[in-house]
Amino acid sequence: MDLKSQVNIDKLPRHVAIIMDGNGRWAKKHGKVRVFGHRNGVKAVRETTEAAAELGIEYLTLYAFSTENWNRPKREVNALMHLLVETIHREIKTLNDNNIRLQAIGDLDKLPEKTKKALLEGIKNTSNNTRMTLVLALNYSGKWEITQAAKALAKDVKNGKISEEDVTDATFEKYLATAGMPDPELLVRTSGEYRLSNFLLWQLAYAEMYFTPVFWPDFTKEEFHKALIDFQGRERRFGKTGDQIKDLE
Ligand code: IPE
Ligand code: IPE
Ligand code: MG
């Protein structure tokens with residue numbers, strides 16, 4: 001069955017966000033160390049990015065490393081940071097060949113120097129691409145993002161750049177790391193966990209959530225298509241009644 005042809009191109013989300021979870025359990029299942037799972041997760045990143053770009057999705061945000069992930073064993077953290085450098089270096093050409101722009105959200109200054117450097121290089125070298133934006137959430141947490149936005153806003157109120165009366169959710173959004181991006185309409189989390197883990201707390205306010213038991217390294221284009229088909233079958237009400245939504249159609 002060709003799942004791709006079942007995706008309605010006219011009803012695509014502009015932005016899909018994914019919590020890539022289950023690398024460690026996938027590795028365990030195969031009798032391997034956790035890092036082996038992370039390495040195999042890269043393949044799923046490539047597949048998903050390709051699938052999203054092929055369809056014409058504008059933004060794909062991937063949760064790659066949370067602020068809380070620093071609490072993992074040092075060896076695993078180092079391996080992840082190294083894998084990031086390696087992957088970015090290797091994939092820049094493919095991103096350019098496919099006209100995909102790389103972006104990042106998170107507290108990037110606290111990343112190891114090498115990781116930050118590779119990331120900034122990747123962002124710079126793909127900045128003119130226009131087909132899709134791939135956003136990596138790195139050393140990211142929703143609470144961190146909202147707090148730093150509040151700080152920056154408070155500073156601007158204090159120095160008179162903006163008045164307190166002009167603080168609305170639209171102005172607040174401009175201080176978030178995702179400023180200028182549409183909110184994700186669809187959130188996917190793999191590995192059968194049902195939580196947000198501090199991801200895009202503001203931006204997911206009205207997102208549809210899709211959970212799959214599939215471990216991230218096993219996530220394929222078909223799995224991505226399944227998530228989109230499920231999303232397209234839902235009625236998004238935004239506080240209205242179902243009848244009101246149907247009248248609009
Ligand atoms: C997701 O897989 C990758 C990162 C958080 C970096 P995990 O490493 O969380 O895998 P599990 O949840 O332990 O299986
Ligand atoms: C969330 O996964 C973070 C990323 C996918 C990068 P975790 O595996 O770290 O989440 P928790 O700790 O189980 O909630
Ligand atoms: Mg996990």
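This is a predicted model: local features need pLDDT of at least 70, side-chain atom pairs count only at pLDDT 80 or more; totals for chains, interfaces and linings use all residues.

Reader: Which elements give two or more residues to the shell around ligand 1?
Author: Those are α1 (23-29) and α2 (34-55). The largest share is from α1, with three residues.

Reader: And which residues surround ligand 1?
Author: Among them are Met20, Asp21, Asn23, Gly24, Arg34, His38 and Arg72. By class, the shell has three nonpolar, five polar and four charged residues.

Reader: What about polar atoms around the ligand's oxygen atoms?
Author: A polar side-chain atom of Arg72 is 2.7 Å from an oxygen atom of ligand 1. For Asp21, an N or O atom in the side chain is 2.9 Å from a ligand oxygen. Gly24 has a polar backbone atom 2.9 Å from a ligand oxygen.

Reader: How much of ligand 1 does the protein bury?
Author: The protein buries 87% of the 380 Å² that ligand 1 exposes when taken alone.

Reader: Back to the pocket. How many residues line it?
Author: The largest pocket has a lining of 40 residues. Nearest its centre are Met20, Asn23, Val45, Tyr63 and Ala64. The lining splits into 17 nonpolar, 13 polar and 10 charged residues. The space in this pocket is about 960 Å³.

Reader: What volume does the second largest pocket have?
Author: About 230 Å³. It is lined by 11 residues, with Lys11, Phe231, Gln232, Arg234 and Arg236 closest to its centre.

Note on methods
Residues are numbered from 1 along each chain as its sequence is written. Chains are lettered from A and ligands numbered from 1 in the order in which they are written. Side-chain values use heavy atoms; hydrogens and water are left out. A residue is near a molecule or strand if one of its heavy atoms lies within 4 Å of it. A polar contact is a pair of N or O atoms within 3.5 Å; within protein, one must be able to donate a hydrogen and the other to accept it, and residues adjacent in sequence count only if both atoms are side-chain atoms. Accessible areas come from the Shrake-Rupley method with a 1.4 Å probe; for residues, only the protein chains shown count as cover. Helices (H or I, at least four residues) and strands (E, at least two) are DSSP runs, numbered from the N terminus. Ala, Val, Leu, Ile, Met, Phe, Trp, Tyr, Cys and Pro count as nonpolar, Asp, Glu, Lys and Arg as charged, and the others, Gly among them, as polar. On a 1 Å grid over the protein atoms alone, a cavity is a set of points where a 1.4 Å probe fits but cannot get out, and a pocket is an open set with protein on both sides within 12 Å along at least five of seven lines; lining residues have an atom within 4 Å of a point. Grid points are joined across faces, edges and corners, and a volume is the space filled by probe spheres set on the points.
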